[in-house]
Amino acid sequence: MPAHHDHESVYSGLLVNDAHWAFGTDFEDPLAGVDTTVPDGVDPAVLARYCLVLGDDALVLSHRLTEWCGRAPDLEEDIALANIALDLLGQARLLLARAAAADPSCVPALPEGSPVPAEDALAYFRADRDFGNVRLVEVPNGDFAETTARLLLFATWRLALFERLAGSRDAVLSAVAAKGRKELSYHRDFAGRWFLTLAQGTEESRRRVLDALGGLWPLWPELFRSHPVETAAAQAGVGVDPASVAAEVDAVLARVFAAADVPRPEAAPRVGGAGRDGAHTEALGRMLAEMQVVARAHPGGRW
Amino acid sequence: MTTLDRARAAAESVVDPELPMLTLADLGVLRAVELAADGAVRVAITPTYSGCPAMAAMRDDLVRELRGAGFAEVRVRIALDPAWTTDWITPRGRAALAAAGISPPGPAPRRGGPVVLDLLPPRRDVRCPRCESADVELTSEFGSTACKALYRCRACLEPFDHVKEI
């Protein structure tokens with residue numbers, strides 16, 4: 001039973017010599033040793049783009065949630081949002097790495113000798129028009145009610161997608177989805193509980209959550225509009241057509257709305273292009289400018 | 001002791017960077033230790049959560065321990081499937097958590113069909129790891145790491161961590 005002894009040795013080692021510790025070591029491939037062979041009959045470019053857009057959804061919302069760090073209404077919610085952001089960042093990292101492995105040509109070129117791994121090149125060296133996330137995840141956080149309403153919508157939708165995606169013919173996507181659905185289920189429950197609390201709290205909290213939901217609603221239909229890359233991925237047996245989860249997602253939301261005594265909003269869909277095509281609101285460019293500035297300034301940097 | 005036994009013993013002695021009272025084996029993160037035809041040790045580890053920031057530290061600790069045990073060539077691979085579950089934490093691991101004042105997880109939720117929406121506060125059969133009272137309250141569903149929730153014992157008034165079932 002060497003655990004106790006090793007516990008001490010790990011920490012005593014830290015005090016005198018941190019050479020063995022992870023800081024300062026090279027990047028590691030999140031898919032190290034994972035078989036990333038593209039399944040038979042699947043266009044690698046389709047698989048890569050599909051992974052990329054699912055990864056972008058998680059990456060952009062993760063960044064938005066981290067904007068709450070140190071600023072949430074209380075410490076518990078600060079930690080909760082940071083934890084959820086970390087889960088989404090992990091999903092994004094795996095999906096971007098899977099995209100790069102399926103089709104290396106989707107990775108932006110960096111100067112010779114740059115140590116930046118493929119998933120970081122995709123996250124930090126693409127412009128907003130190359131991001132394929134739905135627009136719902138990119139709009140600014142607003143207040144806590146708006147963040148709660150967005151997380152409820154997003155997690156409910158993504159959980160339904162991932163439930164089906166766990167049956168993907170692509171073993172990597174299938175594993176990422178099987179893992180991710182465990183996380184998304186408690187993201188959804190967390191947001192659902194807060195949605196209920198705010199809707200049934202004070203007059204002010206109810207007003208805010210109703211405003212938040214109404215404000216986000218025009219961006220909601222976009223999540224169920226089948227984009228050609230999603231249709232192609234679904235036909236190849238590796239992806240899920242988002243239109244196929246609409247009824248299921250609607251039923252879950254209806255339960256939350258009923259419990260919270262909140263009427264289903266009726267706002268018309270927002271006009272403009274689709275985020276999946278790279279047609280974004282101006283908020284994404286601003287967000288990426290902040291998210292990417294350090295990486296872009298140091299394309300040869302080691303962290 | 002065979003060479004494989006020695007490699008396995010070395011790998012199984014490595015502790016988790018965030019829960020150092022547990023070995024990676026007791027946490028269920030160490031999935032395989034094998035000898036390759038070329039003599040290298042091949043180790044498979046699985047992330048507890050998608051965003052687990054400790055994978056690189058685990059890999060480095062495994063490589064360091066195995067090199068120390070005389071294995072020059074060590075390859076650590078990631079195993080994504082099947083997804084980690086708290087059910088893989090061994091009885092010895094659960095005892096080590098409790099001894100360190102952390103409440104071990106109960107059985108993970110069974111999967112099958114769509115995940116049921118839960119709008120009520122999470123209800124778990126949790127006991128205070130210090131005084132064993134069942135009179136405990138959840139103070140935060142998220143704790144110091146992704147895998148833990150914060151509780152407080154109403155009997156002895158001490159706060160404690162609970163490893164969430166996943």
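**Interface of chain B and chain A**

User: Which side chains meet in a salt bridge, and at what N to O distance?

Analyst: In this predicted model, local features need pLDDT of at least 70 and side-chain atom pairs count only at pLDDT 80 or more, while totals for chains, interfaces and linings use all residues. Residues are numbered from 1 along each chain as its sequence is written, and side-chain values use heavy atoms, without hydrogens and water. A salt bridge requires a side-chain nitrogen of Lys or Arg within 4 Å of a carboxyl oxygen of Asp or Glu, and the count between chain B and chain A is 1. The side chains that meet are those of D118(B) and R193(A), at 3.7 Å.

User: What area is buried between chain B and chain A?

Analyst: Contact (heavy atoms within 4.5 Å) involves 51 residues of chain A and 47 of chain B. Buried area is the accessible area (1.4 Å probe) that two parts lose on being put together, summed over both. Carbon and sulfur atoms give 61% of the total, which is about 4100 Å².

User: Which residues of chain B lose the most area to chain A?

Analyst: Three residues together account for 19% of what the chain B side buries. They are L117(B), L119(B) and F142(B).

User: What is the mean pLDDT of chain B?

Analyst: pLDDT is the predictor's confidence in each residue, from 0 to 100. In chain B, 99% of the residues reach 70 or more. The chain's mean is 93.

Conventions
Chains are lettered from A and ligands numbered from 1 in the order in which they are written.
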